[in-house]
Amino acid sequence: VQLQASGGGLVQAGGSLRLSCVSSGRTISNANLAWFRQAPGAEREFVAFFRWNGGRTYYADSVKGRFTLSRDNVRNSMYLQMSSLKPEDTAVYYCALDVPPLTILSGLYDARGYDYWGQGTQVTVSS
């Protein structure tokens with residue numbers, strides 16, 4: 001399985017970016033999907049995930065109302081639309097899959113709950 005993330009870049013505070021992640025080798029249609037991020041010197045943290053069992057999307061409080069996770073099963077892709085970006089959103093963003101979707105709900109907030117990871121894409125928000 002390979003996950004290819006793209007769409008990062010440099011943007012001013014208040015701007016928007018759309019991250020993409022394409023999966024090859026495994027379908028995303030029956031998987032838990034997630035975006036995490038890691039700032040320099042910090043742990044990898046949960047941003048958002050879609051839980052296959054129930055079809056609900058969960059967001060970190062810090063991004064709720066500003067970020068939207070979506071997916072396209074035909075293109076085997078997932079996306080993270082980011083709006084009203086802040087300097088504290090600066091990080092490397094990673095997409096991840098839990099497939100088959102065996103991780104329990106509480107485990108989906110943790111990076112250890114995922115089997116496959118993309119290579120990361122840098123997002124830098126200037127003030």
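Biologist: What makes E1, E3, E8 and E7 an open sheet in this model?

Modeller: This is a predicted model, and here the 4 strands follow the order E1-E3-E8-E7 with antiparallel pairing. The edge strands, E1 (2–6) and E7 (67–72), each pair on one side only. On average, neighbouring strands of this sheet are turned by 15° against each other, direction ignored.

Biologist: How do you know that E7 and E8 pair?

Modeller: Two strands count as paired if there are at least two bridges between them. E7 and strand E8 (residues 77–82) are joined by 6 bridges, so they pair, and they run antiparallel. Along this pair, Arg 71 stands opposite Met 78 in E8.

Biologist: And what holds strands of a sheet together in general?

Modeller: They pair through backbone hydrogen bonds, either parallel or antiparallel.

Biologist: Let's move to Ser 20, in strand E3 (residues 17–24). Why is Ser 20 called buried?

Modeller: Buried means under 20% relative accessible area. Ser 20 has 18% relative accessibility, so Ser 20 counts as buried.

Biologist: Which residues does Ser 20 touch, not counting those up to four places away in sequence?

Modeller: Ser 20 touches Gln 4, Ala 5, Ser 6, Trp 35, Met 78 and Tyr 79. You have met Met 78 already: it is the residue in E8 opposite Arg 71.

Biologist: How do you know that E5 and E6 pair?

Modeller: The same test works: at least two bridges are needed. Strand E5 (residues 45–51) and strand E6 (residues 56–59) have 4 bridges, so they pair, in the antiparallel sense. Arg 51 stands opposite Arg 56 in E6.

Biologist: What lies between E5 and E6 in their hairpin?

Modeller: There are 4 residues between them, and Gly 54 in the turn has a positive phi of about 115°.

Note on methods: Residues are numbered from 1 along each chain as its sequence is written. This is a predicted model: local features need pLDDT of at least 70, side-chain atom pairs count only at pLDDT 80 or more; totals for chains, interfaces and linings use all residues. Side-chain values use heavy atoms; hydrogens and water are left out. Helices (H or I, at least four residues) and strands (E, at least two) are DSSP runs, numbered from the N terminus. Axes are lines fitted to C-alpha atoms, for helices over the stretch in contact, and angles run from 0 to 180 degrees between N-to-C directions. Buried means under 20% relative accessible area, exposed over 50%, partly exposed in between (1.4 Å probe, protein chains only). Contact means heavy atoms within 4.5 Å.
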